[in-house]
Amino acid sequence: MSFWKTTALVLGVGVVAAVAAGGIGAGMATALVTQFTDEGPPGPSDVPDRETREITSAVLGETRHVTVFLPDFYARDTETNYPVWVVLDGARRGSESASAARTFQRAGLAPGHLVVSIDNVPRGRTQDFLPPDLPEPVDGTTGGADAFLQFIETELLPEGDSLYRTTDVRLLSGHSCGGVFAAYALTERPDLFDGVFAFSPSLWATRGALVDQLERQLADGPSAVFYANLGDEQGPVRDHVGRLAELTDGTSWQVDLVPGASHGATPRLGTPAALQTFYSR
């Protein structure tokens, strides 16, 4: 069985089921079919803008659910390839990231993106997102980000390349513990992603060790664009992100401190700034 499960059949079954249930009339169903067969490719508002996939991961030993958000005119413009943007906490962050990507595309500020959002699993997210060998456990784990990074690098991205029209441009974004993973991926695989966005990263979990790694990479002259932000959070997280802001001041990396923003608001506020940072470099 393929790692990726298409949803085109599901869409067709849904239309048939809706007719049977009386949700839409047979005439409307005929009109839909006619539109697809007689009038050529539909516009962006007339086709599904997302596809749900499943990946049976040998690396993680489990099945992961992924949603791929398609850019405008993906079905119509069959000659264009697109950057891939991997988004963590997919059920919460995928749709809003895809909306921002679409806004930038329609404004002519960026190309369209294939936004690949990864859902979390019932056991939680900290094992996937936090680096190994933490000073002390967080939510019962000392970190397993190496395996999750290997899953993205060796399974998720290659399968996406095989099924979609992609360029070699790769973006990664994460929030909170996902922001820690994004920063960790940058230090461990500096050439895997061209842009890395970390919103309110929980850098306290590594007690400054990850900031030290980022500092060394910055000194080496990184090729990837890095963006991070922080809202009104206080305590250790502010200490570590504040230190990162000082280290990156005047460099190609950007760290924004956003007064008045809650922890949950920083991805929505930071995503446009991150895209602008990446595409204006």
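Angles under 35 degrees between two axes count as roughly parallel, angles over 145 as roughly antiparallel, those from 65 to 115 as roughly perpendicular, and the rest as oblique. In the predicted model examined here, the axes of helix H3 (residues 90–106) and helix H9 (residues 266–279) come within 10 Å and cross at roughly 40°, and H3 and H9 are therefore oblique to each other. The crossing in which H3 passes H9 is right-handed. On the side of H3 the residues that meet the partner helix are Arg93, Glu96, Ala100, Ala101 and Phe104, and on the side of H9 they are Pro267, Arg268, Thr271, Pro272, Leu275 and Gln276. Sorted by class, the contact of H3 with H9 comprises 6 nonpolar, 2 polar and 3 charged residues.

These two helices belong to a protein chain that has 9 helices and 8 strands. Of the 281 residues of the chain, 47% count as buried, and among contacts between residues at least 6 apart in sequence, 73% join residues that are at least 24 apart.

Buried residues within H9 are Thr266, Pro267, Gly270, Thr271, Ala274, Leu275, Thr277 and Phe278. The elements that cover these buried residues include helix H3 together with strand E3 (82–87), strand E5 (166–175), strand E6 (195–199), strand E7 (225–230) and strand E8 (254–257). Thr271, which is found in helix H9, has a relative accessible area of 5% and is buried, since the cut-off for a buried residue is under 20%. Leaving aside residues up to four places away in sequence, Thr271 touches Trp85, Ala100 and Phe199; Ala100 is also one of the H3 residues that meet H9.

A second pair of helices was described in the same terms. The axes of helix H6 (residues 177–188) and helix H7 (residues 209–219) come within 10 Å and cross at roughly 40°, and that angle makes H6 oblique to H7. Here H6 passes H7 in a left-handed crossing, whereas the crossing of H3 with H9 is right-handed. The contact is made by Val180, Ala183, Tyr184, Leu186, Thr187 and Glu188 of H6 and by Leu210, Gln213, Leu214 and Gln217 of H7. By class, the contact of H6 with H7 has 6 nonpolar, 3 polar and 1 charged residues.

With a relative accessible area of 17%, His240 is buried. The C-alpha atoms of His240 and Leu203 are separated by 6.1 Å, although these residues stand 37 residues apart along the chain. Not counting residues up to four places away in sequence, His240 touches Leu203, Trp204, Arg207, Gly208 and Val211.

Arg243 also lies in helix H8, but with a relative accessible area of 28% Arg243 is partly exposed. Arg243 and Glu215 are 28 residues apart in sequence, and their C-alpha atoms are 10.0 Å apart in space. With residues up to four places away in sequence again left out, Arg243 touches Gly208, Val211, Asp212 and Glu215.

Key. Residues numbered from 1 in each chain as written. Predicted model: local features only at pLDDT ≥ 70, side-chain atom pairs only at ≥ 80, totals over all residues. Heavy atoms only, no water. Axes fitted to C-alpha atoms, helices over the stretch in contact; angles between N-to-C directions. Helix = DSSP H or I, 4+ residues; strand = E, 2+ residues; numbered from the N terminus. Left-handed = near helix turned anticlockwise from the far one by under 90°. Contact = heavy atoms within 4.5 Å. Nonpolar A, V, L, I, M, F, W, Y, C, P; charged D, E, K, R; others polar. Buried < 20%, exposed > 50% of the residue type's maximum accessible area, 1.4 Å probe, protein only.
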